[in-house]
Structures are given as C-alpha cells and as structure tokens.
Amino acid sequence: MQTVDNSEVNVSSLPADINDELRNIIHDIRRILTTDRSQVIIPDLETEYSGSTDNQWAFEFGAHQSIRAIIAEREQQLHAVSQEISGLKTMVDIFNNLHEQLVEKKDKIKQSMELHKGFVSPLWSLPNEILSKIFVHCLPEDEHLSLAQNEAPMLLTRVCKKWRGVAVATSDLWYKLHLNLKNKTDLQQQDNLYHSCLERSKGRPLSLVIDCYAHQMLKLRKFLRPYYSHHIASISTPCFRGTRKVLGEFQALQELTLNNTTSRTSSTVATCLLIVPLTVLSLKVKGSFSLDRNLPPIPALTHLTHIEVSLCSLSVVLRLIRPSSNLSSLVIRQYTSERIPPVDSAQVLTHTALQSLRILETNMSAASLLPGLFNILSLPNLRALEVSGSQPWPHEEAKAFLTRSNCPLESLTFGAKIVTTDEQRAEYAALIPSLVVSHFVL
C-alpha cells in the first residue's frame with residue numbers, strides 16, 4: 001500500500017487570490033488526504049452468529065444481550081460512515097463549484113487575450129472611411145433592412161465602441177428600411193428604434209417598405225410625418241382605402257410601389273393612382289387591378305419614366321402608357337388575357353420615348369397579349385425587348401412590329417420557354433443587322 005507523507009501542509013503556498021474560507025476548506029482537505037486514504041478499510045463485521053441459518057439463539061438469554069450489543073455497535077458504525085459520506089459529498093460539491101469557477105475564470109482570461117490580440121490586428125488600424133465601406137458590404141441580401149439584432153447593421157453597433165461610432169455615422173447602412181407595423185411586440189419600443197435608424201440616415205433620401213394592416217394607415221401617416229417634406233424618395237406600401245391620404249403627403253417621392261393583395265381592393269388602386277405625387281418617376285403596381293372607363297385622367301402619368309404592372313389587361317396597359325409621354329421603360333408581369341379586336345393602322349399607338357419593353361412570366365392563358373401588343377404598338381426608339389413565359393411566339397406579328405417601328409433595337413431576349421427557330425431569328429437579324437438575339441436555356 002502506498003504511504004503518504006504525513007507532514008504539515010504548507011498553506012502559504014496557495015494562490016493569493018483564494019479567500020480565507022476557501023483556504024480553510026483546502027487546508028482541511030489536504031490534511032485529510034495526507035492520511036492513508038488510498039482505500040477504504042472495511043471493518044471485520046463477522047460474529048459468532050453470522051454463520052447461523054436458524055433462530056436457535058432467540059431462546060438464549062445471554063445470546064439475546066450479545067446480539068443487541070452488536071446491533072448497537074452497527075448503528076454507531078452506520079452513523080459514522082454516513083457522516084463520512086456526507087462530508088465527502090460536501091467536499092465533492094465544493095470541488096465541483098471550484099472547478100466551475102476556475103473554468104469560468106479561464107474562459108474570461110482567454111476572451112480577454114483574444115480581444116487584446118485583435119487590437120494589434122490590421123483591422124483596427126483601418127481608417128474609418130474604409131471600415132465604413134466594408135460595413136456596407138456586410139448588409140444582408142434583402143434590399144430593405146428588418147433590423148434583426150443578429151445581422152448588420154445592428155450587429156455592427158454591438159462589437160465595440162469604435163465600430164458602433166463608424167456604423168452609426170454611415171448613412172448608407174440606414175436609409176433602406178422595412179417597417180413592419182404588424183409586429184405585435186412593444187410598439188413604442190419598435191417605433192423608437194425605427195425613428196433612431198431613420199435619423200442615422202442623416203438626411204439621405206429614404207427607401208421604405210411598409211407592411212401593415214388597413215386599420216394602421218392612420219398610425220403610418222403619423223409615423224412618416226417628420227419625413228414627408230424631403231426625406232422619403234422611395235416607398236412600397238399596401239394599397240388600402242387609407243393609402244390615398246398617405247400618398248397625398250409626400251413632397252419628394254420618386255419611386256412608388258402599390259401592393260394590391262386582393263381583388264376586393266382592385267378599384268382602390270385606381271383611386272390611389274389619381275393621387276400619386278407629380279414627383280414620382282417610377283411606378284410599380286403589384287397584384288390585379290383595373291381602370292374604369294370613366295376614371296379621370298391620372299396627372300402623374302405624364303411625368304413617369306418607368307412603369308411596371310402585373311395581372312392587368314392589355315387595355316389597362318395602353319391606358320397607362322398612352323399619356324405617359326416620358327416613359328422609357330415598361331415591364332408587364334403575369335398578364336390577364338382578354339379578347340383583342342382587329343387593329344387597323346389608324347389605331348396604332350406610337351410611343352417615341354419607350355426604349356425598354358419587358359413582358360415576363362406570362363402563361364398560356366395570356367397568349368393574346370403578344371400579338372395584340374405587337375399589332376397596336378409602334379416604338380421607334382425601342383432598344384431592348386425581352387419576353388419570357390410559356391405562350392406561343394407570334395413570329396409574324398413580331399416581325400411586322402419591328403418593321404413598323406423601324407427602331408434601333410440592340411437586344412432581343414427570349415425566355416427559356418419561348419420557342420423560336422433559327423430561320424425566325426435570322427429574319428430579325430436581317431431587319432436589324434446590329435441586333436443581338438439571346439435565348440435563355442434551362
């Protein structure tokens with residue numbers, strides 16, 4: 001059996017940052033360990049009665065007393081060993097607690113070491129202007145920020161004092177914001193956060209995406225009031241009855257997206273178009289809508305340079321572009337089919353400003369759009385034409401459209417589901433020798 005030196009423990013060799021109570025506990029533990037405790041000594045518990053298999057001793061008075069004495073001795077032994085177990089458990093708990101504290105201390109030391117290693121990294125010596133540009137590239141892919149705490153730019157403000165200062169001073173991080181008024185969390189705290197972020201844009205024109213319910217339009221008006229005069233340049237908003245009052249407040253708006261989510265509010269789009277500010281240059285309408293024949297002229301159309309519509313008929317498209325004399329770009333998505341009557345030359349609509357026409361994501365039910373559009377339009381300054389979807393390609397109508405327009409078309413792009421032949425593409429190239437014809441392949 002290994003023996004242990006039973007000399008006095010040198011308590012003064014303990015670390016200086018150990019408190020007196022812990023020092024005393026360690027002293028007691030060391031004292032215990034210096035005794036021969038390499039194994040537990042089991043006492044000899046055998047008696048003259050241990051081998052008995054019957055109760056012959058029960059009727060002998062002398063044996064009765066002797067057995068009672070053995071039981072009393074065992075009770076004392078059990079109590080003693082129970083105390084030892086309890087004491088040992090207390091020591092184990094102390095050791096475990098001490099171990100946890102030391103592990104925590106170790107982790108903090110490592111964190112501090114890594115932090116100070118970072119201070120000698122070239123990253124910390126970068127000029128604020130360079131760091132600001134890096135921060136902009138850290139933004140999430142979503143065009144408008146939801147201000148998640150675990151993503152840039154909010155995350156950048158929590159790294160260190162310097163990074164926070166640079167992030168807050170970088171207006172490019174804060175001018176595009178997604179305002180989700182549907183969030184049921186602390187609304188006042190949310191409003192304060194939004195206002196704080198918008199103030200960090202430092203007067204840069206704002207781009208906002210609004211997500212709200214119809215009954216929240218009044219709250220939206222109050223929230224946006226400080227920014228109406230010149231701050232908001234682009235906004236995407238649901239189209240409700242109350243949207244008209246919101247739109248009427250803008251004084252410097254340049255880009256407007258109206259999101260119509262249900263057919264029940266289709267007529268609301270038309271009434272909102274009537275109030276679009278004259279400063280708007282780009283208009284997008286998402287979702288189905290129609291324009292009543294009795295609808296008054298839409299003043300903003302004469303100023304628009306870009307229109308993007310979806311789920312509307314050819315007649316609606318024509319009503320939008322006819323007065324839009326400055327329109328240079330038109331995008332039509334998910335067109336709804338209608339019967340197109342024959343068109344004579346007197347009905348052809350000539351638009352001299354339109355340079356880019358994109359017809360995207362149409363389906364087989366919209367097969368009448370392309371021939372109808374090609375038959376009724378003449379675009380003498382068209383430079384880019386793109387068509388995608390699954391509708392049949394009206395080659396003869398397209399060729400007649402290009403001939404009629406006599407335009408300087410530079411690119412003709414077909415989607416993967418548009419089927420054309422080499423001969424057809426060759427005919428387009430013969431009409432316009434400088435034309436580049438592209439065909440996407442799945």
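Predicted model: local features only at pLDDT ≥ 70, side-chain atom pairs only at ≥ 80, totals over all residues.
Trainee: Where is Ser 207 placed, and is Ser 207 buried or exposed?

Mentor: Ser 207 belongs to strand β2, which covers residues 206-211. Its relative accessible area is 7%, and because a residue counts as buried under 20%, Ser 207 is buried.

Trainee: Which residues is Ser 207 in contact with, once its neighbours within four places in sequence are left aside?

Mentor: With those neighbours left aside, Ser 207 is in contact with His 144, Tyr 175, Lys 176, Leu 177 and Ser 234.

Trainee: How should I read a nonpolar core, and which residues touch the most other members of the largest one here?

Mentor: The general idea is that in soluble globular proteins nonpolar side chains tend to be buried together. In this model the largest nonpolar core has 92 residues, and Leu 208, Leu 224 and Leu 273 are the ones that touch the most other members. Helix α9, residues 314-321, supplies the largest share of this core, with six residues.

Trainee: What is Leu 208 in contact with, again leaving aside neighbours within four places in sequence?

Mentor: The contacts of Leu 208, counted in that way, include His 144, Leu 177, Leu 179, Leu 198 and Leu 224, and also Ile 232, Ser 234, Ile 235 and Ser 236.

Trainee: How many aromatic pairs does a search of the whole structure find, and how is such a pair described?

Mentor: A pair of aromatic rings is described by the distance of the centres and the angle of the planes. The search of the whole structure finds seven aromatic pairs. For Tyr 194 and Phe 223, the ring centres are 6.2 Å apart and the planes stand at 85°, so this pair is edge-to-face. Tyr 194 lies in helix α5 (residues 187-199) and Phe 223 in helix α6 (residues 217-224), so the pair ties together parts that are 29 residues apart in sequence. Both Tyr 194 and Phe 223 are buried.

Trainee: How are the rings of Phe 374 and Trp 393 arranged?

Mentor: Their centres are 5.8 Å apart and their planes are at 80°, so this pair too is edge-to-face. Phe 374 is in helix α10 (residues 369-376), whereas Trp 393 is in the loop between β11 (384-389) and α11 (395-405), and the two are 19 residues apart.

Trainee: Which ring does the charged end of Arg 200 sit over, and which does Arg 204 lie over?

Mentor: The charged end of Arg 200 sits over the ring of Trp 174, at 4.7 Å from its centre, while Arg 204 lies over the face of Tyr 175, 3.8 Å from the ring centre.

Key:
Residues numbered from 1 in each chain as written. Heavy atoms only, no water. Helix = DSSP H or I, 4+ residues; strand = E, 2+ residues; numbered from the N terminus. Buried < 20%, exposed > 50% of the residue type's maximum accessible area, 1.4 Å probe, protein only. Contact = heavy atoms within 4.5 Å. Core = buried A, V, L, I, M, F, W, Y, C linked by side-chain atoms within 4.5 Å. Phe/Tyr/Trp six-rings, centres within 6.5 Å; stacked < 30°, edge-to-face > 60°. Lys NZ or Arg CZ within 6 Å of the ring centre and 35° of its normal.
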